[in-house]
Amino acid sequence: MSSLSANEDCLGWAARDAAGVLSPYSFNRRAVRSDDVSIKITHCGVCYADVGWTRNENRDSKYPLVPGHEIVGIVQEVGSNVNRFKVGDHVGVGTYVNSCRDCEYCNDEEEVYCVKSPVLTFNGVDDDGTITKGGYSSYIVVHDRYCFRIPDDYPLASAAPLLCAGITVYSPMIRHKMNQPGKSLGVIGLGGLGHMAVKFGKAFGLNVTVLSTSISKKEEALTLLGADKFVVSSDQEQMKAEAKSLDFIIDTAAGDHPFDPYMSLLKTGGVLVLVAFPSEVKFHPASLNIGMKTVSGSLTGGTKLTREMIDFCSAHKIYPNIEVIPIHYANEALERLIKRDVRYRFVIDIENSLK
């Protein structure tokens, strides 16, 4: 099969330096290999990772940097060995595009924990030495192992946030058996990740409590997202009333916050899972030892769980709440994301705005 991508320019938006300002940028993708899929990108979600790496917050940004790792689109070409996908299929690509494929974690389809580290979808170094470039672009070429089929009746714009925000909370919920109907779940933070944790919690039959410092989110949490209870976490009386009431807590808050008050909400044997990256995690040993509690961390998820999550969302009609934007609004979107001014995920309409 002749390659569409061998000499075709890819259009994108890139940051050129740590100022993080995105502007139009043209570059080449690799030619389609035998195990590759070439995807015409229709939409790309906006994640806080896009802020961090465009602005070199992790001190390892490689410019020009094209962000975006919540990618969905339509297959435009497949390699000779690809059997799982065909031209015209709706597919997604998440936070990584390669791994060693040989370690115990890759063999268990937990590639995000590859012992040699997965190759990130953008700002990573691929096996050919090139720097990966993400979904703020017109198309992408990816090994078929790291592509995910999106059901035809699931809107592509809605599918994009599943590839990071969705799987980031779904993965630890399954690992820690947070899918037992009747159990109680607390969700710290109500942003892109938190609102998906609420949706999954309700679909699993859990009693869901949103824990937030912002009383302004109460009505949306209860009426729009269907949470059972809303607790202002800065109100000591409200927190005290919820002591030892939760089986599980998903902590999605990226800003620094105390952990002991939240640990006090867990029942004996309760589990708190951290999926964000505050600058430090600090709690008193008694908060852990008394009550036999567990604190765990989690990244996104492997390919097996990602496929399972997409199918679960399709079957249960779970859709992220999104604000669709054109590519030329990307800089403003990143600024609004920093201010937490989004309900609850920006999705860039690549197909209709990247020209």
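Modeller: Happy to! Strand E8 provides the largest share of the lining of the second largest pocket, three residues. Before going on, please note that this is a predicted model, in which local features need pLDDT of at least 70 and side-chain atom pairs count only at pLDDT 80 or more, while totals for chains, interfaces and linings use all residues. Residues are numbered from 1 along each chain as its sequence is written, and side-chain values use heavy atoms, with hydrogens and water left out.

Some terms next. Helices (H or I, at least four residues) and strands (E, at least two) are DSSP runs, numbered from the N terminus. On a 1 Å grid over the protein atoms alone, a pocket is an open set of points with protein on both sides within 12 Å along at least five of seven lines; a cavity is a set where a 1.4 Å probe fits but cannot get out, and lining residues have an atom within 4 Å of a point. Points are joined across faces, edges and corners, and a volume is the space filled by probe spheres set on them.

Back to the second largest pocket: its volume is about 260 Å³. Of its 15 lining residues, Arg 29, Arg 30, Thr 130, Ile 131 and Thr 132 lie nearest the centre. Strand E2 (22-28) and strand E8 (139-143) each supply at least two lining residues. By class, this lining has six nonpolar, four polar and five charged residues (Ala, Val, Leu, Ile, Met, Phe, Trp, Tyr, Cys and Pro count as nonpolar, Asp, Glu, Lys and Arg as charged, and the others, Gly among them, as polar).

The largest pocket has a volume of about 1,500 Å³ and is lined by 50 residues, with Tyr 48, Thr 252, Ala 254, Ala 276 and Phe 277 nearest its centre. Helix H1 (48-54), helix H5 (192-203), strand E11 (207-212) and helix H11 (330-338) each bring at least two residues to that lining, and H1 gives the most, with four. Its classes are 24 nonpolar, 20 polar and six charged.

About 40 Å³ lies in the largest cavity, whose lining includes Gly 94, Tyr 96, Phe 148 and Thr 306. That lining divides into four nonpolar, five polar and no charged residues.
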